[in-house]
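User: I'm new to this structure and would like to get my bearings. Could we go through it together?

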Amino acid sequence: MAKVPVQFTLNGSEKAEFVDSGTTLLHALRDKIGDTSPKGGCHQGTCGACSVIIDGELRLSCLTVAETCSGADIRTTSGLAEAGVLHPLQRAFLDAFATQCGFCTPGMIMAAKVLLDHTPNPSREDVIEALSGNICRCTGYEPIIEAVLTTARANSQNAA
Amino acid sequence: MELRKNYFADQRKDGLHEIGHGRPRLDSPGHVTGKTAYFADRNVPNMLHLKMVRSPHHHARIRSIDTSEAEKHPGVVKILTARDVPHNVYTILILIQVGPEDETVLADGKPRWKGEAVVAVLAETERAAQEAAAKVKVDYEVLPAVFDMEEALKPGAPLVNEYHGQNYYLYDSGECRKVRFGDVEAGFAGADHILEQSYQSSPIEHAPTETTGCVVVPEGNDRFTCYTNTQAMFFTLDNASIILQMPGSKLHFVGGTVGGGFGGKVDVIVEPIAILGAKLTGRPVSFIYSREEEMQISSPRAAEKIIIKDGVMNDGRIVARKVTGYTDAGAYSRHSPYGAQKGAAHYPGPYTIPNVWIDTYCVYTNRTPSSAMRGFGVTIGDFALEVQMDKLARLIGMDPLEFRFINAYRDGDMKAHRQPTEGAALIECMQEASRAANWPVAEKYMAMSSYTKGA
């Protein structure tokens, strides 16, 4: 099968790989590049566990063809902590008991990050809407919503 | 968190180090940084992918299996059928002496449910395995199937599972698990009212976000490391050992990190065949359920039917309870004989009833084998029992919570299984529930205690 080159920035680092044409970004990230923080839950765009940020927008990496990402800026949960310090969202998820099995957590955090990047002071409804594409089967939605709102409140206090 | 120290003050030890304190989860830092390693997060080079050919029929006899076209498919490395499995007929609970062995790893002549594994295909890529699996030709003679528990128990019903010989599990107590306490007929005869209701449930799928699977790596020296998301590590290790006829020392299981399970990952389904594939090819093998397989193939919570007949007095006392419970095991036992047995123990409820009669059946049908799920055997029972309690309270015009206070078991009460009640604390829980739910009950119930008879 024809291999195609893909080249993008992943969490600030240049990455280049040859993949089979049609390979999903999820597969390329996990099996080629070795970033396993996006999870494959359904491989059909419904569970949200594979969510990543591409050029500032939330994307499902299981439905994104890797070769369409050339030149893109891709962010995943594994690159969120800086110099070993957790991102405020990661800290809030940790403190709010917002993880159980942890399988949905990286996707949830990506969805929450895009929300807060675009809407720094979201309402509870905004948070629910933003997370609605991410399924948690351990029924942890309430602590997750609380973690996102806590992060937003802390951000607005810092800004003020 | 608030601890109500007024309850059981004489038994309470203060100065507790853990109870009443929040503690961070040990695994959370890994979860929020995406560093937690689930079984599929290990990048193993040179890995083969396993896909199953599954029965499209609920009940059929296999006339022939032709793998010749599939073997020629590019990328195919090995194809496995029943005769490749050293000990093909097994049952999970044989480890705790619940038999007979009644389930095949790969169907041997007769699939008993739609989706049963028949042939395993190992190939270089997932796509090649899938395409080759589609080329396996299986010639089936379709047999009559039974999907309803009552139908399955009728004389002349199609026999689902020959290893049992009848469509129910034969306990050492007979065709069902039984509880007998007092004289239930005398209880009904003396009751002011009798209410008989039937309750039923559908199978429920756990739908964990991470699908069931494992990755097996041959380590040389005929030893295999199996990275798995099983929820039952030692059941899986020991059953794999039996199925593969290999000593446990040859099998190294690595688990403990599960992306959602809820009981759906306690069966021993993916690991033995993946290890066998690794053994016969000498290469690492990945066997991971697709989302569709997870929803269609993995064992759900059993469908249940529960018939409850209660005799109740005008003053609120339940004086007799007769329950017949049916658990739909599907085609194989898995954990269902145990689930049905748990139901027998549970149907008296947390209530003191002087006359109790219970039968619970584990029934075989040509449906997907059911198995464990969060409180299986008692969860649906609790739904039925508590709906029944509400109906009984309504029947005698009593507040449903007060009705429960009257019947709640307290320390010293004899339970239907002839175990005296100890440390019940149910009265106190209901008192707190009454406050929390703002559902007031008469003062005499708030003055009750689990220790002493009163009110």
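User: In which sense do strand β1 and strand β5 of chain A pair?

Analyst: This is a predicted model, and here β1 covers residues 3–10 of chain A while β5 covers residues 73–75. Two bridges link the pair. One residue to look at is Thr9(A), whose bridge partner in β5(A) is Asp73(A). The sense of the β1–β5 pairing in chain A is parallel.

User: Which are the edge strands of the sheet in chain A?

Analyst: Let's walk across it: five strands make an open sheet with mixed pairing, in the order β2-β1-β5-β3-β4 of chain A. Neighbours in this sheet are turned by 40 degrees against each other on average, direction ignored. An edge strand pairs on one side only, and in chain A that goes for β2 (13–20) and β4 (57–60).

User: What residue in the turn of the β3–β4 hairpin of chain A has a positive phi?

Analyst: β3(A) and β4(A) pair in the antiparallel sense over four bridges, with Val52(A) standing opposite Arg59(A) in β4(A). Two residues sit between the strands of this hairpin. The one with a positive phi, about 45 degrees, is Asp55(A).

Key. Residues are numbered from 1 along each chain as its sequence is written. Chains are lettered from A and ligands numbered from 1 in the order in which they are written. This is a predicted model: local features need pLDDT of at least 70, side-chain atom pairs count only at pLDDT 80 or more; totals for chains, interfaces and linings use all residues. Side-chain values use heavy atoms; hydrogens and water are left out. Two strands pair if DSSP finds at least two bridges between them. Axes are lines fitted to C-alpha atoms, for helices over the stretch in contact, and angles run from 0 to 180 degrees between N-to-C directions.
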